[in-house]
Amino acid sequence: MQIYLYNSLTKTIEPFKPLKGNIVRMYSCGPTVYNYAHIGNMRAFLFADLLQRVLKTIGEFDVKWVMNITNIDDKTIRDSAPGSSVWNSEMGNQTDNLMDNLLKFTRYFEKSFLEDISKLGIRLEHFSAMPKATEFIPQMQELIRKIIKNEIAYISEGSVYFNVNEWRKKDKYGKLYKIDFENFRAGVRIDADQYEREDANDFVLWKFKKPGEPYWEFEIDGVICDGRPGWHIECSAMEKELLGLPFDIHTGGVDLKFPHHEDEIAQSKAGYGVEPTAFWCHNEFLEVEGQKMSKSLGNYFTLRDLMNRAIDPLDIRFAMLSAHYGSTYNFTFEGIKSARKARFRIQDYIYDLHDNSVTGNISSDMIASIIDETYSALATDLHTPKALAFVFTFINDNPANKLNDEARRKALEFFTDLNNIFDVWKIESKPIEELIIPSEIIDMAEQRLQAKKDRNYVEADVLRQKIIEAGYTIKDTKEGYTIEQK
RNA sequence: GGUGCCUUGGCCGAGUGGUUAGGCAGAGGUCUGCAAAACCUCCUACGUUGGUUCGAUUCCGACAGGCACCUCCA
């Protein structure tokens, strides 16, 4: 099925087609590994995951998905330095080797990041590569040399800067983000004295080493520029190395449009002569209870925080997929609860589809239309809320026990395929829970059953209340009762 | 100051120039000794204000409110 995506570059929804054959090459801006990822980060990665799954399942493409890991920046340097309060014993021992500290520190948070996204149903085997910035330094240096050679960058006190004004003579700067150069930064404080830039618009490609910072050797035409890469250059170099230019889709959060992605476009074109991609896709932000998530407001949550509150990560996945990636998502605890119930309604339906003991007379005729409606919604800019609405309407109109055998089989095929995208359900028959019920609970249940037989309902209700207070739910059946853990 | 996005019923969240989104919660009902679960039914909104129109939540303008980016924050 034809996939349509909103392209930030053209601000319109466009039909998508891979540049080469049936392979989609996709690059996603990944995390900076200086801390545990928060749920706002998670939304960006879930969006990229959704996109690649829709491309595979509905677009029927092969997807080559690359997500970078930024392990060298101000924060990773700061927090891995000796005396850091963030250092913990699981990272190993700090030494006086700054590079060694940096790598130990970032490896720890990289590992925690991979654990977190795995819990959210992002499958590591779906990535074709997760490159770390520190492993592509030579490629970045090569790109910087090219840009200097093309006279779009200059060296100042050992750092290299991209000359925006020079570049504007050759190409547009402000493709993703409309920039009014007259009023640009008029109301903004500029930390100009931090670097020796010629113009406030210029951005850094390479930073000269400072005391206490790890660095890589770099000599440009006899000038010693030992130091480390700027933030934007890593993506430009790694995507070229791992995907080739131009590739098909670049994803990231809206906040990265400027300056990160804008600078990435300029750098790549100034150095390699090509823009990274023609398709830029950005996800909107997440708010918590209608407010920006921030530590000072006390509404800042990492995935680990939520799991400590006994929230199932798959409910977070489903809740986030219930909103369109292009609109602000309002995270609330009530919303997660609601999402969990909605998710289990579909899960129960899938369980029921496995139950062969009852059969009805609804034929499989309507399966084709639910597939078409749901997939069309997903194919049109990943419209998950609409797709889910179709699914709920379908299960409301077609109870599982009223489908005939063929319809049930086809419905099951549909949900199996759908779960290749959502990945929040189990495609299996309802597991028979081997519950270990404490004997005192069973005793109470037996006593209650007897009380019921004796029509002593007061006693029966007292016993039921005790069972509920002990954390179990008792349901009466014709023959007796069942006990479930709450 | 510049740039962009948003404002839908108790909550979340689609969409449309006139006709049902969907989910959660809530109400009533069937069932049950009563419950629980399940199933059935119901609850009809579109920030304010002008304009266009036979008719606007939907188009245009203004206003109000919220959010984001311009600070190596997804």
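Which residue of β6 does Ala-153 stand opposite? In this predicted model, the residue facing Ala-153 is Phe-162.

**The hairpin and its next neighbour**

β5 and β6 make a hairpin, with two residues sitting between the strands. Glu-157 is in the turn, and its phi is positive, at about 50°. On its other pairing, β6 joins β7 in the antiparallel sense, and there Val-160 has Trp-206 as its bridge partner in β7.

Here are the strand pairs side by side, including one from the sheet discussed next:

| Strand pair | Residues | Sense | Bridges |
|---|---|---|---|
| β5 and β6 | 153-156 and 159-162 | antiparallel | four bridges |
| β6 and β7 | β7: 203-208 | antiparallel | three bridges |
| β3 and β11 | 23-28 and 249-253 | parallel | three bridges |

**The open sheet**

Four strands line up in the order β4-β3-β11-β12, forming an open sheet with parallel pairing. The edge positions go to β4 (62-67) and β12 (280-283); each has a single partner strand, so one side of each has no neighbour in the sheet. Going from one strand to the next, the twist averages 20°. Within the sheet, Tyr-27 of β3 finds its bridge partner in β11, namely His-250. Helix α6 (residues 231-243) packs on this sheet and touches β3 and β4, with its direction at about 150° to that of β4.

**Helix α11**

Now for a helix. α11 covers residues 367-379, which is 13 residues, and spans 18 Å from first C-alpha to last, close to the 18 Å expected at 1.5 Å a residue. Which of its residues are buried? They are Ile-367, Ile-370, Thr-374, Tyr-375, Leu-378 and Ala-379. Those residues span an arc of only 155° around the axis, which means they lie on the same side of α11.

The face turned away from that buried side carries Ala-368, Ser-369 and Asp-372, which are exposed. As for what covers the buried residues, the list includes strand β1 (3-7) along with the helices α1 (39-57), α12 (384-397) and α13 (405-422). Just after α11 comes another positive phi: Asp-381 takes a value of about 55°.

Terms used
Residues numbered from 1 in each chain as written. Chains lettered and ligands numbered in written order. Predicted model: local features only at pLDDT ≥ 70, side-chain atom pairs only at ≥ 80, totals over all residues. Expected span 1.5 Å × (residues − 1). Buried ≥ 20, exposed ≤ 12 C-beta atoms within 10 Å, placed from the backbone. Arc of directions from axis to C-beta. Contact = placed C-beta atoms within 7 Å. Pairing = 2+ DSSP bridges. Axes fitted to C-alpha atoms, helices over the stretch in contact; angles between N-to-C directions.
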